Amino acid sequence: MSSVYECPGCGYQYNQDLGDEHEGFAPGTPFDELPEDWVCPDCSVRYKEDFQPLQ
Amino acid sequence: MKTYTLATDAGDISYTDTKRYFWMASLAYALIPFLGIGAHALFGHQAWLALPLFVAYVIGPILDWWLGEDENNPPEEIVPLLEEDPYYRLLPMLTVPLHFASLIGAAYWASTQALSWWGVLLLAVSAGIANGLGINTGHELGHKKTQLERSLAKIVLAVPAYGHFSIEHNRGHHRDVATPEDPASSRMGESIYKFARREIPGAFRRAWAIEDERLTRKGISVWSWENEILQSYAVTFTLQISLIATFGWLMIPFLAIHNFLAWWQLTSANYIEHYGLLRQKEPNGKYERCQPHHSWNSNHKYTNLVLFHLERHSDHHAHPTRRYQSLRNFKDVPRLPNGYNGMFPLAYVPPLWFRVMDPRLMALPHIDGDMTQVNVDPDKKDELYAKYGVAGLNGNMPTTEAA
């Protein structure tokens with residue numbers, strides 16, 4: 001399973017290995033474990049299910 | 001004027017931004033209180049302090065009407081070159097200190113000149129108009145991905161004491177826009193005065209809730225320096241307490257009026273940007289993604305230059321991180337009849353606003369007289385359904401909702 005997911009709108013990338021410290025997601029947090037109502041933290045336009053796996 | 005050229009397989013693509021140097025209008029507008037101060041110093045009568053208001057609400061709409069609209073878009077291939085050009089990046093950053101200068105200059109003039117109460121009021125209002133534009137600068141900077149621009153957003157938003165805006169707007173308004181849940185999207189039949197009472201406290205509460213949620217995930221108290229709202233408020237506190245300490249108690253009403261006027265500029269913009277527009281719910285219970293027809297737009301040249309293309313609002317909501325110089329005009333999107341400075345005074349007279357905007361809203365192609373496609377004020381629902389639903393443009397009225 002991919003560990004990097006990209007917002008198709010603005011290009012924000014969520015990398016499981018890095019997490020997102022600013023948003024409070026520790027390194028190693030899988031994309032699947034992000035909240036279901038999570039939206040892109042950079043553009044807020046795209047929902048979690050819009051994100052595309054990269055690898 | 002600089003011309004960008006890109007070699008492609010299909011030949012060279014060229015683009016010249018004819019507005020390139022005119023974007024500096026936003027720098028001049030940030031200093032607008034000095035126009036009144038200069039005229040007062042030169043001609044002696046304090047009535048000259050009203051000059052910035054005259055420029056904003058009389059000259060502005062006339063210029064928009066006279067100069068007309070600009071529908072040009074940069075070719076998509078050229079957009080990366082525009083986005084990388086440091087000139088465009090620099091302008092919003094350069095306006096940040098100018099907003100501090102406007103407030104400090106107006107405060108200095110208010111406390112050192114022999115003015116009657118309405119002279120002080122005019123100065124506070126002028127500074128409030130300039131720093132309402134400061135919220136717009138904070139808006140442009142706060143949407144960007146670099147730490148420098150995001151930090152400058154917090155700093156400029158501190159001038160009118162609106163440091164919660166970046167979080168509220170980026171994470172709240174952009175997520176909930178054009179839904180009944182959004183305190184920053186106005187509803188059909190809702191006057192701006194009713195909207196302000198919902199928008200100002202609603203935006204404040206939503207910003208704190210979003211920041212609290214983020215910090216809780218990190219295991220940090222909301223009352224910590226990592227709270228980005230508090231970081232901006234600390235700058236506000238330092239600036240405004242310093243003004244009171246330096247210029248005296250007159251600064252308390254002066255700053256209150258200045259802050260409110262700046263917030264009111266934002267309220268005015270929020271009021272007109274999504275009036276009555278509604279995203280539909282999908283079967284999974286989530287709202288459809290924000291579409292170009294969920295924002296009102298204007299291509300009027302003058303106010304778009306002053307406002308960093310904010311009025312090309314559909315593209316902004318489709319691509320919030322896109323920089324101002326690259327925002328595009330779309331065909332067939334909801335359009336306002338004038339720029340923001342002309343639409344604001346119209347909004348301040350609700351019967352006129354409803355008369356101009358309600359038929360325009362109902363005639364939009366995706367609404368076409370169907371009230372179920374409209375974000376309606378629940379208190380006005382029966383009245384508006386009776387007016388537009390039954391005898392609507394195509395009679396497309398859900399009978400169960402009849403008054």
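In this predicted model, 21 residues of chain B are in contact with 19 residues of chain A. The two chains bury about 1,800 Å² between them, and carbon and sulfur atoms give 40% of that area.

**Interface of chain B and chain A**

- On the side of chain B, the residues that lose the most area to chain A are B:Arg171, B:Arg217 and B:Arg289, which together account for 33% of what that side buries.
- The rule finds six salt bridges across the interface of chain B and chain A, and one residue already named, B:Arg289, forms a salt bridge with A:Asp50 in which the closest N and O atoms are 2.6 Å apart.
- Polar contact across the interface of chain B and chain A involves 14 residue pairs, with both residues of each pair at pLDDT 80 or more.
- Among the elements of chain B, helix 8 (165-176), helix 9 (192-217) and helix 13 (313-318) each supply at least two residues of the side that touches chain A, and the largest share, four residues, comes from helix 8 of chain B.
- By class, the side of chain B that touches chain A consists of 12 charged, six polar and three nonpolar residues.

**Domains of chain B**

- Of the area that domain 1 of chain B buries against domain 2 of chain B, 40% is supplied by B:Arg187, B:Met188 and B:Met362, which is more than any other three residues supply.
- Across the interface of domain 1 of chain B and domain 2 of chain B the rule finds two salt bridges and, with both residues at pLDDT 80 or more, 11 residue pairs in polar contact.

**Strand pairing in chain A**

- Chain A has an open sheet of three strands in the order 2-1-3, with antiparallel pairing, and the edge strands, each of which pairs on one side only, are strand 2 (13-15) and strand 3 (52-53) of chain A.
- Strand 1 (residues 4-6) of chain A runs antiparallel to strand 3 of chain A and is joined to that strand by two bridges, with A:Glu6 standing opposite A:Gln52 in strand 3.

**Strand pairing in chain B**

- Strand 1 (residues 3-8) and strand 2 (residues 11-16) of chain B run antiparallel and are joined by six bridges, and these two strands form a hairpin with two residues between them.
- B:Thr5 has B:Ser14, in strand 2 of chain B, as its bridge partner.

Definitions and conventions. Residues numbered from 1 in each chain as written. Chains lettered and ligands numbered in written order. Predicted model: local features only at pLDDT ≥ 70, side-chain atom pairs only at ≥ 80, totals over all residues. Heavy atoms only, no water. Contact = heavy atoms within 4.5 Å. Buried area = accessible area lost by both parts, 1.4 Å probe. Salt bridge = Lys/Arg side-chain N within 4 Å of Asp/Glu carboxyl O. Polar contact = N/O pair within 3.5 Å; in protein donor to acceptor, adjacent residues only side chain to side chain. Nonpolar A, V, L, I, M, F, W, Y, C, P; charged D, E, K, R; others polar. Pairing = 2+ DSSP bridges.
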